Amino acid sequence: MDLLIGFTTILVVIAAGAGLAHAGVLDRRSQRTLGEIAFFVASPALMVVTISQVHLESAAANLVASSVSLAVSFAAYVVLARLRWQLSTGPLLIGGLSSSYVNAGNLGIAMAAYVVGDITVVVPALLVQMMVVQPIALIVLDRITGRGEGIAFALRRLLTNPLTLAAIVGVVLAVTGWRLPRVVEDPLQLTAGAAIPLMLMSYGAALRLSPPLGKAGHNGEVLLASVLKLAVMPVVAWAVAVALGIEGRALLGVVITAALPTAQNIFLHATRYRVGEDVARETILITTLASLPVALLVAVVLG
């Protein structure tokens, strides 16, 4: 019953966003504004509040399972796409990220809160993506496209990302056991409460406003990335987590996180470097549409 209530809560708020977009209250610009408020303000507040309460020693196994599942899905795409379509490094990298880089910072937080009952389960995946995978990917993209921005740019992007900064603050608080002054903590708690509704309404509006699929001519690559993302990656995460002795709600959290859709910032990187844009856009849309049924199946099997 708790799982059903959790999914119903998510779907109702998503439907509200889609309904507002259908009625013309939200357009693409206002939909992005909702997402940006969540990204720059509400989600960082939620991350500080959440990570500061994490017992880091208990998150180590989760971190291993999340990292291995990401690496396997990424490597599988690179190998298969290279053999089948003879793709160059740039499209391979964007396709690999599309098949493995999860939307932990937005939809993942909502899923963890209302399906798993613990938003800390997405923290390990979020940290490894933001602090390891994304900087390396940006450095490689910079090199192969000749943007000339280099390692310094990638590090600057890392250190100015609000979720990264919030994660660092949260980790420091968790490690040291420090508490923020109440005059700081109370506004953070209040702001954090807006994060999930903003994310889900933005998500619903984005679904309603999305362009039609299958027009770009990369259907094979999109299908491969989507299957790896929604089927292979969760299975690998489950296998590694079970081997490490993770069980119960923690196991559900690891697999739900791996089954999340591709993160939207992969499309932002593809657009910035003008490589793999169609594959990133369509994979994000397909995995986003399919992620709720997949997550429901995972919750029923493991919940």
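# Helix packing and a cavity

Analyst: The largest cavity here has a volume of about 60 Å³. The model is predicted, so local features need pLDDT of at least 70 and side-chain atom pairs pLDDT of 80 or more, while totals for chains, interfaces and linings use all residues. Residues are numbered from 1 along each chain as its sequence is written, and side-chain values use heavy atoms, without hydrogens or water.

User: What makes a space count as a cavity, and how many of 30 Å³ or more are there?

Analyst: The structure holds one of 30 Å³ or more. A cavity is a set of points on a 1 Å grid over the protein atoms alone where a 1.4 Å probe fits but cannot get out; lining residues have an atom within 4 Å of a point. The volume is the space filled by probe spheres set on the points, which are joined across faces, edges and corners.

User: Which residues line the largest cavity?

Analyst: There are 13 lining residues, and Ser66, Ser69, Val102, Ala125 and Met233 lie nearest the centre. Helices H3 (60-85), H6 (123-145), H11 (219-243) and H12 each supply at least two residues of the lining. By class, the lining has eight nonpolar, five polar and no charged residues.

User: Why is H12 called roughly antiparallel to H14?

Analyst: H12 (residues 248-258) and H14 (residues 277-302) pack at an angle of about 160 degrees, with axes 10 Å apart. That makes H12 roughly antiparallel to H14, since the term covers angles over 145 degrees. The crossing is right-handed.

User: Which residues meet where H12 packs on H14?

Analyst: From H12 come Leu251, Leu252, Val255 and Ile256, and these meet Ala295, Val298, Ala299 and Leu302 of H14. Sorted by class, this contact has eight nonpolar, no polar and no charged residues.

User: Why are H3 and H4 oblique to each other?

Analyst: The axes of H3 and H4 (residues 89-98) come within 8 Å and cross at roughly 140 degrees. H3 and H4 are therefore oblique to each other. This crossing is right-handed too.

User: What makes up the contact of H3 with H4 by class?

Analyst: Phe74, Tyr77, Val78, Ala81 and Arg82 of H3 meet Pro91, Leu92, Leu93, Gly95, Gly96 and Leu97 of H4. By class, that gives eight nonpolar, two polar and one charged residues.

User: How do you know that leucine 188 is in contact with residues elsewhere in the chain?

Analyst: Contact means heavy atoms within 4.5 Å. Leaving aside neighbours within four places in sequence, leucine 188 is in contact with Ala45, Val48, Val49 and Leu180. Leucine 188 sits in helix H9 (residues 182-192). The C-alpha atoms of leucine 188 and alanine 45 are separated by 5.2 Å, although 143 residues apart along the chain.

How values were computed
Axes are lines fitted to C-alpha atoms, for helices over the stretch in contact, and angles run from 0 to 180 degrees between N-to-C directions. Helices (H or I, at least four residues) and strands (E, at least two) are DSSP runs, numbered from the N terminus. Angles under 35 degrees count as roughly parallel, over 145 as roughly antiparallel, 65 to 115 as roughly perpendicular and the rest as oblique. A crossing is left-handed if the near helix is turned anticlockwise from the far one by less than a right angle, and right-handed if clockwise. Ala, Val, Leu, Ile, Met, Phe, Trp, Tyr, Cys and Pro count as nonpolar, Asp, Glu, Lys and Arg as charged, and the others, Gly among them, as polar. On a 1 Å grid over the protein atoms alone, a cavity is a set of points where a 1.4 Å probe fits but cannot get out, and a pocket is an open set with protein on both sides within 12 Å along at least five of seven lines; lining residues have an atom within 4 Å of a point.
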